Amino acid sequence: MQPSDFSPNSAVDLGARKAALEREAKQRAEESAGRSNPYAVNVDEANFQAEVLERSMSAPVVLAVLAGWSEQSKQVESALDRLSSASGGNWFLAKLDSEASPQLVQALRVPTTPMIIVAVQGQVMPGPAGPATQEQLRDWLGQVFSALAEQGMLPPGHPGTVEGEPSAEEAQQPEQPAVDPVDAEAQAALERGDLAAAEAAYAKAVEASPDDVEAKLKLAQVRLVGRLQDVDAGAVRQAAADDPENVAAQCAVADIDMYGGKFEDAFDRLITTVKRTSDDDRNKARTHLLTLFELLPPGDPRVGAARRKLTSALF
């Protein structure tokens with residue numbers, strides 16, 4: 001695991017993407033909130049024919065050629081995910097990892113990433129390359145679909161638009177609540193990679209309303225991602241294994257486990273560290289454990305169990 005695995009984008013839209021920390025508790029809520037995208041698929045050499053060329057015979061396929069290390073690719077991917085989620089199946093999004101499928105990228109004559117390609121009726125048409133906002137992508141796709149409709153290249157019933165018509169069921173759904181301004185500020189900060197600004201936004205919210213449980217959770221999550229920015233997981237795990245009394249290494253591994261959803265492993269590691277250390281080292285391990293408790297909602301049974309174990313370890 002490299003530092004890039006803990007990019008600020010891991011915490012972007014914490015209300016929607018904190019599943020890495022609360023996967024068990026939040027999965028159903030995320031799905032019911034429509035955060036999953038049923039119109040997107042990852043492609044490579046093995047399924048390109050079926051998922052892109054053959055599928056394009058019945059609906060346009062927007063192929064996004066991306067690089068996992070590129071922030072521009074991540075921004076384009078997020079924008080296209082939002083657009084395709086709202087398409088109602090008017091078109092499908094296919095995501096191609098340029099590093100995993102270099103021969104396919106070469107065959108498609110992709111000069112740089114990110115790049116957009118539209119496939120329709122088995123034909124591929126190159127689109128824009130480089131960074132693009134959601135609005136720019138919407139405008140470009142709208143022009144493409146409109147032109148395809150005029151040429152009769154879209155399937156019958158396709159409206160020739162980016163967004164789909166809402167179903168009767170969707171039309172009856174109540175309006176979504178307005179976006180919380182604190183979340184909006186933090187989200188914007190995270191999207192530009194400014195963890196400090198995101199942390200400050202949530203810290204200010206907690207200071208103004210100490211009982212705001214959601215803001216406390218998100219503040220703890222941003223701080224966790226911040227601590228992991230420069231961590232080499234393999235190195236710290238080895239250091240922790242070599243020296244069980246290395247409190248810094250034990251705390252770093254506990255952070256990694258929390259990020260990966262292994263909450264009890266993280267708690268037990270630090271409780272064991274509390275037992276085998278003393279004085280300042282013991283207090284550092286105890287204090288860090290308390291910060292990890294803040295990553296789960298109040299009343300979580302795993303926190304309650306860990307608190308009881310900590311009490312036993314201390315006394």
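Predicted model: local features only at pLDDT ≥ 70, side-chain atom pairs only at ≥ 80, totals over all residues.
User: Why is Arg109 called exposed?
Analyst: Arg109 has a relative accessible area of 73%. Exposed means over 50%, buried under 20% and partly exposed in between, using a 1.4 Å probe and protein chains only. Since 73% is over 50%, Arg109 counts as exposed. Residues are numbered from 1 along each chain as its sequence is written, and side-chain values use heavy atoms, with hydrogens and water left out.

User: What makes the backbone of Arg109 worth a look, given that it is not a glycine?
Analyst: Its phi is positive, at about 60°. Arg109 sits in the loop between H5 and E4. That loop also holds Pro114, and the peptide bond from Thr113 to Pro114 is cis, with omega near -5°. The labels H and E here are DSSP runs numbered from the N terminus: helices (H or I) have at least four residues and strands (E) at least two.

User: Where is Asp279, and why does Asp279 get its label, buried or exposed?
Analyst: Asp279 lies in helix H14. Its relative accessible area is 66%, so Asp279 goes down as exposed. Asp279 has a positive phi too, about 55°, although it is not a glycine.

User: And what makes Leu292 buried?
Analyst: A relative accessible area of 0%, so Leu292 qualifies as buried. Leu292 is also in helix H14 (residues 279-293). Beyond its neighbours within four places in sequence, Leu292 is in contact (heavy atoms within 4.5 Å) with residues including Arg227, Ala254, Met258, Phe267 and Leu270. Across the chain, 42% of the 315 residues count as buried.

User: How do you know which strands are at the edges of the sheet?
Analyst: Strands pair if DSSP finds at least two bridges between them. The open sheet has 5 strands in the order E1-E3-E2-E4-E5, with mixed pairing. Strand E1 (40-43) and strand E5 (123-129) each pair on one side only, and they are the edge strands.

User: What makes the second largest pocket a pocket, and which residues are closest to its centre?
Analyst: On a 1 Å grid over the protein atoms alone, a pocket is an open set of points with protein on both sides within 12 Å along at least five of seven lines, and lining residues have an atom within 4 Å of a point. By that rule 16 residues line the second largest pocket, and the closest to its centre are Lys216, Phe293, Glu294, Leu296 and Pro298. The largest share of the lining, 5 residues, comes from H10.

Terms used. 1 Å grid on protein atoms, 1.4 Å probe; cavity = no way out; pocket = protein on both sides within 12 Å on 5 of 7 lines; lining within 4 Å.
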